[in-house]
Amino acid sequence: MAEGPHEAALQDAEFPPGVDAVLVRAGAAVYHGPGGCHVCHAPDGTGARGVGADLTDEVWWHSDGSWQAIVDQVKSGVDASVARNVWGASMPPRGGSAIS
């Protein structure tokens with residue numbers, strides 16, 4: 001795979017059990033592709049202003065930020081009653097995409 005802007009960081013990163021650089025690269029492809037995550041959370045993960053949460057900081061609004069909690073959150077979505085965006089809009093399960 002070609003050197004991307006984050007490739008060096010992946011080489012030095014510590015991952016939770018069961019996660020490796022290959023899985024992170026696959027997740028990035030989904031994030032920027034069919035998952036459509038980048039639309040609300042911005043291409044760099046910092047959150048599209050007023051829409052999606054910043055995924056790069058230490059603040060996790062709807063979970064503890066652990067690997068499994070993030071997976072569960074993506075699968076279940078965020079109900080509009082607890083959403084923190086300017087429209088009070090939900091995040092549908094899997095961001096409304098057809099990813100599995």
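These legends accompany close-up views of one predicted protein model. Local features are given at pLDDT of at least 70 and side-chain atom pairs at pLDDT 80 or more, while totals for chains, interfaces and linings use all residues. Residues are numbered from 1 along each chain as its sequence is written, and side-chain values use heavy atoms, with hydrogens and water left out.

View 1. The order from the N terminus is α-α-α-α. Helices (H or I, at least four residues) and strands (E, at least two) are DSSP runs, numbered from the N terminus. The C-alpha trace spans about 40 × 25 × 25 Å along its principal axes. Of the 100 residues, 19% count as buried. Buried means under 20% relative accessible area, exposed over 50%, and partly exposed in between (1.4 Å probe, protein chains only).

**View 2. The surface and charges of the chain.** The chain exposes about 6,900 Å², and carbon and sulfur atoms supply 59% of that area. Areas come from the Shrake-Rupley method with a 1.4 Å probe; for residues, only the protein chains shown count as cover. There are 5 positive and 12 negative side chains. The centres of these two sets lie 9 Å apart. Lys and Arg count as positive, Asp and Glu as negative; His and the chain ends are not counted. Each charge is placed at NZ of Lys, CZ of Arg, CG of Asp or CD of Glu.

**View 3. His41 in helix α3.** His41 is buried, because its relative accessible area is 13%. The His41 side chain reaches the backbone oxygen of Ala53 at 2.8 Å. Not counting residues up to four places away in sequence, His41 touches several residues, among them Tyr31, Leu55 and Met91. Contact means heavy atoms within 4.5 Å.

**View 4. The loop between α3 and α4, at Ala42 and Asp44.** Phi of Ala42 is near 75 degrees, a positive value in a residue other than glycine. Ala42 counts as buried, at 10% relative accessibility. The side chain of Asp44 makes a polar contact with that of Thr46 (2.6 Å). A polar contact is a pair of N or O atoms within 3.5 Å; within protein, one must be able to donate a hydrogen and the other to accept it, and residues adjacent in sequence count only if both atoms are side-chain atoms.

**View 5. Glu58, in the loop between α3 and α4.** Glu58 is exposed, with a relative accessible area of 74%. Glu58 and Met91 are 33 residues apart in sequence. Their C-alpha atoms are 20 Å apart in space.

**View 6. Asn85, in the segment after α4 (67–76).** Asn85 counts as buried, at 19% relative accessibility. A polar atom of the Asn85 side chain lies 3.1 Å from the backbone nitrogen of Trp87. The backbone nitrogen of Gly88 lies 2.7 Å from a polar atom of the Asn85 side chain. Leaving aside neighbours within four places in sequence, Asn85 is in contact with Gly50 and Val51.

**View 7. Arg94, in the segment after α4.** Phi of Arg94 is near 60 degrees, a positive value in a residue other than glycine. Arg94 is partly exposed, with a relative accessible area of 28%.
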